[in-house]
Amino acid sequence: MSSLSLADVYRARQRLAGRAAHTPLVASPSLSAHAGAPVYLKLETVQPTGSFKLRGATNAVAQLAETGVTRVVTASTGNHGRALAYAARALGIEAAVCMSSLVPRNKVDAVAALGARVVIAGRSQDDAQIEAQRLASEEGYAFVPPFDDARVIAGQATIALEVLEALPDAATLVVPLSGGGLFSGVAFAAKAIRPSIAAIGVSMARGAAMHASLAAGQPIEVEEVPTLADSLGGGIGLDNRHTFSLTRALADDVILLDEPSIARGIVHAYRQERLVVEGAGAVGIAALLDGRIAGAERAEEQGGPIVVLISGANIDMAVHRRIISET
Ligand SMILES: *Cc1c(COP(=O)(O)O)cnc(C)c1O
C-alpha cells in the first residue's frame, strides 16, 4: 500500500495556494430531484487549464523546482500534459509532453500554446509513456507521471479537503476513474477525514483498465479504443505502484458507462447546468441520470448529500456541438 498521509495532502494545499483554483461546489436542483438526495457539483472545469490535473502537476512541479530541477517531462492524454506545461511555466522551468496520436488536436494545441515541447509518439498512452521515460533517462528531464505518483495523488486529494470543508456531511463522492490518481487521492483524503463517506468510481465501458485490473486482481492491459471520455483512456501500468492498491482498498463501487450514456451526461451538463463539460468530466452526471448511484453505501448515510466531481471542460467544441445537436 502507498505511504500517502493526510499531512501530505495539507502540504500539497499550501503549494497549490495561488497556483490552482479553490473550485466552486454548487447545488444541482435538477440532479437532486432525479437522485432523491441533495446533489452538488464540484467544478474542476474552472481550473485555469480546464481540469483538476493542475492540482497534482503543481504539487509535483513545485516540489521538483524546490530541489533545483529545471526540466520536467510527462506522457499524457492531454489534460495532465497541459497542466504540467502550465505549472512548469508558472514555476519558471521547462516542460516536454509526450502524447499518442489518438489525442485530440485541441489538447495538443493547448499544450504547445503553453510553451511546452510536444512529442507525438505511438498510438497508445503506453507508447507515449515509454517515450517520456526515454527523455527522462537520456535528456535529463524529471518524469512526472499522470497518475501513479504520490505527489500527483496528494495534489488531486486537495479536492476532498475543499469538499468536506464546504459540506461536512457529504455522504457519497462520485469520481471519474481512469489511472486512478484522482480517485485514490480524493477517496483517501475524504475517508481519512470522514470514514463513513462512500467513494464511487465511474469509467467508460470501452477500455476501462482499472475496472479490468480490479476484476483480475492485478494490473492488466486493455485495448485502448476511442471514446467520448477520451481523458479516461489509457492503461494503469503493469508496474503500478500506488493507484491500483489504493483504488482497490478505497472504492465502494466502480461503475461502467456506455457511449450514449456519456453523451447524455454532456447534454445534461450543458442544457440543465449551463456547463461545457468534456466526456470524462460528465460521467458522474451520466451515472446519476442512469440511476446507477443508489446514494450512500451505508444505511446511516442514506439520503445524504451526493458530490459529483466534474473533472474537466476540455472538449473539442466541434464535437460538443455535434453531441448537443444529435441528442
Ligand atoms: C485525467 C482525467 C481523469 C481521470 O483521472 P485519473 O487520475 O487518471 O483517474 C478524469 N477526468 C479528466 C477530465 C481527466 O483529465
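For the grouping used below, Ala, Val, Leu, Ile, Met, Phe, Trp, Tyr, Cys and Pro count as nonpolar, Asp, Glu, Lys and Arg as charged, and the others, Gly among them, as polar. By that grouping, the shell around the ligand comprises seven nonpolar, eight polar and two charged residues. This is a predicted model, in which local features need pLDDT of at least 70 and side-chain atom pairs count only at pLDDT 80 or more, while totals for chains, interfaces and linings use all residues. Residues are numbered from 1 along each chain as its sequence is written, and side-chain values use heavy atoms, with hydrogens and water left out.

**Ligand surroundings**

- The ligand is surrounded by 17 residues, each with a heavy atom within 4 Å of the molecule.
- The closest of these residues are K53, N79, G180, L182 and S311.

**Ligand contacts with the backbone**

- A polar backbone atom of G180 lies 2.7 Å from an oxygen atom of the ligand.
- For S178, the distance from a polar backbone atom to a ligand oxygen atom is 2.8 Å.
- L182 also has a polar backbone atom 2.8 Å from an oxygen atom of the ligand.
- These pairs are polar contacts (N or O atoms within 3.5 Å).

**Salt bridges**

- The structure contains 16 salt bridges, each being a side-chain nitrogen of Lys or Arg within 4 Å of a carboxyl oxygen of Asp or Glu.
- One of them joins R13 and E165, whose closest N and O atoms are 2.9 Å apart.
- This pair links distant parts of the chain, 152 residues apart: R13 belongs to helix α1 (residues 6-16) and E165 to helix α7 (residues 150-166), helices being DSSP runs (H or I) of at least four residues, numbered from the N terminus.

How values were computed:
Polar contact = N/O pair within 3.5 Å; in protein donor to acceptor, adjacent residues only side chain to side chain. Helix = DSSP H or I, 4+ residues; strand = E, 2+ residues; numbered from the N terminus.
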